[in-house]
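Thanks for coming. I have one model to go through today, and I will take it feature by feature, so please look at the display first.

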Amino acid sequence: MNEAFFDKKEYKPLDRVDGRLKVTGAAKYSAEYALPNMAYGVLVGSRIAKGTIKSIDSKAAERAPGVLAVISHLNVIKIPGYAARGVHPSEPPTGGQPLRVFYDNKVYSNDQPIAIVVATSLEKAQYGASLVKVQYDQQEHQTDFEANAKNAVIAAAAKKNPKSPTADYDRGQTDAFETAPFRIEAEYVLPTEMHNPMELQAITAHWEADDRLTIYDKVQGTKTTQKTFAKEWDVPEQNVKVIATFVGGAFGNGLHSWPHESAAIIAAKQVKRPVKVVLTREQMFTMVGYRPRTWQKIQMGAAKDGKLVAINHHSIGQTSTYEEFTETTLMQTRMMYASPNVSTRYRLLPLNVATPIWMRGPGEATGAFALESAMDEMAHAIGMDPIEFRLANYTETDPDKNMPWSTKYMRECYEEGKKRIGWENRKLKPGSVRDGEWLVGYGMGTGTFGANRGPATVKAELDLEGNLVMHCAITDIGPGTATAMVQVASNTTGIAPEKITFHLGSSEFPNAGLQGGSSTVNSVGPAVQAACNALKEQLITMAAAKSGPDFGAAKPDDIMFEKGEIQLSGKSSAKLKLSDLFKQNNIQKIEATQESKPSENGKKYSMNAFSMHFAMVHVHPFTGQVRVKKIVCCADAGTIVSPKTAESQMIGGATGGIGMALTEDAVMDHRFGRYVTKDFGDYHVPVHADVPDIDVYFVNKPDLLADPVGSKGLGEIAIIGVAPAIANAVFNATGKRVRHLPITPDKLLGL
Amino acid sequence: MDKYKSDIKPEKEDHHESRRDFLKTSSILTAIAVAPATVAKAAEYNLGEKISAAFETTPVNLTVNGVKKQLAVEPRSTLLDVLREQLDLTGTKKGCDYGQCGACTVHVNGQRVLSCLSLAVMQEGKQVTTIEGLAKGDELHPMQKAFIKHDGFQCGYCTPGQIMSGIACINEGHADSKEDIKEFMSGNICRCGAYPNIVKAIQEVKNGGQRS
Ligand code: FES
Ligand code: FES
């Protein structure tokens, strides 16, 4: 265990290392590679939600100027990987059959891509696509969640494995709720929400040879994408190159490979030119996943002293008919509070819609809305302060896994958050604080997410000028991965950040998993450390051979670099110029590639990051308008490697939570099974005017059981618990409990 | 809005009329060009593309980041697509193409304009400034520096639009208070949620005086 990382230095917040590229427009995203002879693809989507395609009339499109091809199931070339897949192979992490674009005439959801028009310019492709005429044999579709909720089923994964997080779970007595002194029972609904990153999903596909593919693709994992398309085309993995140097936000929708990617690759193969496909904003609602609509019911029982007696938590999440998408909506309920009796039931509702995909905080954020709202409801029922109520049920061990936490510093978060939001101004009785004509309310919500870590490999090279260059296949969808890794490397080596470069976002680089599930810093960070330490060992060996015993006994932790010199700690006389050492050994640079993997600690400890969000809101009693006036976000996320970018990440999560609480709602017209919200005019994400000052507090204590960097992950907990904090604040302001998000003014009328 | 309208000169409308005939003609030409016998040859020389390009474009002269450009654009091409696809100035971003997100904000004759809602042919004789034109050599514009200092971004995709809008916001006199800035920047969406830091950056530039 290397404690040195955290102790060694005062952190000087680093400016984002790619900031200059981003503010000058030089950062290149997937649609911004100009390849010679490039063509443009525009997708044609189905106009029905279920049925088959009877005919496609593409004659007019093919005749239109500049159109190179119209490709559909009628004329698509053979895709070797399509046939290889069974009818329903269970491909982790989701079961079912990922949609094979242009595979046959079947339509599973409205706006499913059914043809692609390829032309010499974007405008020509768009015009061509408008000319494609399709006839269908329509079948009756089911897209209405409420009308079909009774058809919800247990997940296939849970049927196979009773230990699956989606399996039915009972702890203690299943009927304990019935006899609890205080009981609440409530239903909560989270509507479908869209990731809607600002960058439209885009891919530029280029077959450099018959069996060699390069894609510039908006993805969260270059290696996973490489595997997917190598399999789809039955070519060796190394023949598929995936470039995602810059990703303009994703929030989860780059965790799956989507039909438009396959379509672009097929098109590039068929027209024998590089093909670029950029989705329209409307297609961002129908082709690249979403946070699934979820119904939840909570029964909660407690005693007069505030001790929880029982929690029963049921949920139904929406999925498609061709792929089983699950998330761990109910995990927080099992482990957050010391309730002796807990039952959870997770069900899925397949509808004629496209497949959902994890959206920031995924299921935990959904589950936390219900759980943390219910906690607030119970505190109110007992007449307790919601923080006191939570503290009464604080757990020092994980009651689900029956293991100690690796670290848990939530008490600090309660204390600090209370202070910063001004909790003392909160009144127990709702509706009793006013500011002018506005009703004022305070609320809070907690969140947790597993400190997940996967294997990662980093290659590091050090030259005689003292420049450190690293490579890793990980992506950066915005949190500032390169910045954090430069910081880790600088702390490990003592090399100034300006002399360190971290290259990411290419499948050509050493292996890393997805940027998702808050696992980047704690997976890649340790690999950076390991690679840096391996470089140090090489230097020690070199130095010992040349300069006597001082360096001979040194360990990597004993040496640091400063101003091009290797320095033995505690011995200011023991230093060596890096350039001299390299010259003596007749080398230009040294390099090391190191892999870092999760330890066995996960078997002995429950490892989680925790967050706590506080909101102060104003509600207008006549119009029902809600203004979030202040948010305080507290995070127990282990070591904060890069304070500046970490703070931005928290602010971003809180902003997403404001949208979740107040505005975001993908509304479907069930007559057509199609969203009527299809752009930023209808689907409201928070804008400048919606977002108040957001105050961020980090406990910033390392969790060295979780990983050698001590980080527990931040991306998810930044949003988990925000929406209930706001909903609870609205209740405190008005006495009105809104259990069906978003909290739009109509739901607050008549105060 | 009125000002915007007055930019459309009558002769342009005439041009739109003749444009319709052009379209018909060129599709016939293309139809001939793609007849089987000629396909191979046309593809070999990219003839089809070249012919149709010549018939379907309209000349337009504009100055982009101080450089005079004589362009041939399709009348239906937006300024955004011409910047990104034709001039390879990809710093200007497409976030919606519907005028709802601000990612495509550029300055036209010094005013902020949504380039996705502006046809390129309508920019005849105008000065267009994009994010690529802000820095003077290596010296960043104060707004660019302030964005780095205050971490006014995460993924960076909305950033060029925010910066172009932020500069205009100050020039318009809409940056006197935090509330004002938030109101007049609300057309620029940041899904990463960098808003508070963007506001700080704009405030700093406003208070420090900005070079325009
Ligand atoms: S791309 Fe122009 S406003 Fe969104
Ligand atoms: S920085 Fe990602 S959208 Fe603004």
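A:P742 sits in the segment after α19 (722-734) of chain A. Helices here are DSSP runs of H or I with at least four residues, strands are runs of E with at least two, and both are numbered from the N terminus. The peptide bond joining A:L741 and A:P742 is cis, with omega about -5°. Most peptide bonds are trans, and most residues other than glycine have a negative phi.

Before going on, the conventions. This is a predicted model, in which local features need pLDDT of at least 70, side-chain atom pairs count only at pLDDT 80 or more, and totals for chains, interfaces and linings use all residues. Residues are numbered from 1 along each chain as its sequence is written, chains are lettered from A and ligands numbered from 1 in the order in which they are written, and side-chain values use heavy atoms, with hydrogens and water left out.

The model scores are ipTM 0.96 and pTM 0.93. For chain B the mean pLDDT, which is the predictor's confidence in each residue from 0 to 100, is 82, and 73% of the residues reach 70 or more. Residues 1-45 of chain B have pLDDT below 50, and beyond near neighbours in sequence this stretch has 35 contacts in the model; a contact means heavy atoms within 4.5 Å. Where pLDDT is low, the predicted coordinates should not be read in detail.

Back to backbone geometry in chain A. Which residues have a positive phi of about 55° without being glycine? One is A:K272, in the loop between α9 (259-271) and β14 (275-278) of chain A. A:K272 is exposed, at 71% relative accessible area. On this scale buried is under 20%, exposed is over 50% and partly exposed is in between, using a 1.4 Å probe and protein chains only. Another is A:N700, in the loop between β34 and α19 of chain A; A:N700 is partly exposed, at 26%.

Now the core of the model. A nonpolar core is a set of buried Ala, Val, Leu, Ile, Met, Phe, Trp, Tyr and Cys residues joined through side-chain atoms within 4.5 Å. The largest has 143 residues, and those touching the most other members are A:M300, A:F389, A:F614, A:V617 and A:I726. Helix α11 (residues 362-382) of chain A gives the most to this core, with 10 residues. A second, separate core has 47 residues, among them A:I474 and A:V641. Setting aside neighbours within four places in sequence, the contacts of A:M300 include A:F177, A:I184, A:L371 and A:M378.

Chain B next. This chain has 9 helices and 5 strands, and buried residues make up 48% of its 212 residues. The 5 strands form an open sheet in the order β2-β1-β5-β3-β4, with mixed pairing; two strands count as paired if DSSP finds at least two bridges between them. At the edges stand β2 (67-73) and β4 (111-114) of chain B, each with a single partner strand, so one side of each has no neighbour in the sheet. From one strand to the next the twist averages 40°. Strand β3 (residues 105-108) of chain B runs antiparallel to β4(B), joined by 4 bridges, and B:V108 stands opposite B:Q111.

Two helices lie across this sheet. Angles are between N-to-C directions, from 0 to 180 degrees, with axes fitted to C-alpha atoms, for helices over the stretch in contact. Helix α7 (residues 159-171) of chain B lies across β3, β4 and β5 of chain B, at about 45° to β3(B).

Last, where the chains meet. What do the buried residues of α9(B) pack against? They pack against α18 and β34 (693-698) of chain A, together with α6 (142-149), α7 and α8 (178-184) of chain B. Among the buried residues of α9(B) are B:Y195, B:I198, B:I202 and B:V205.
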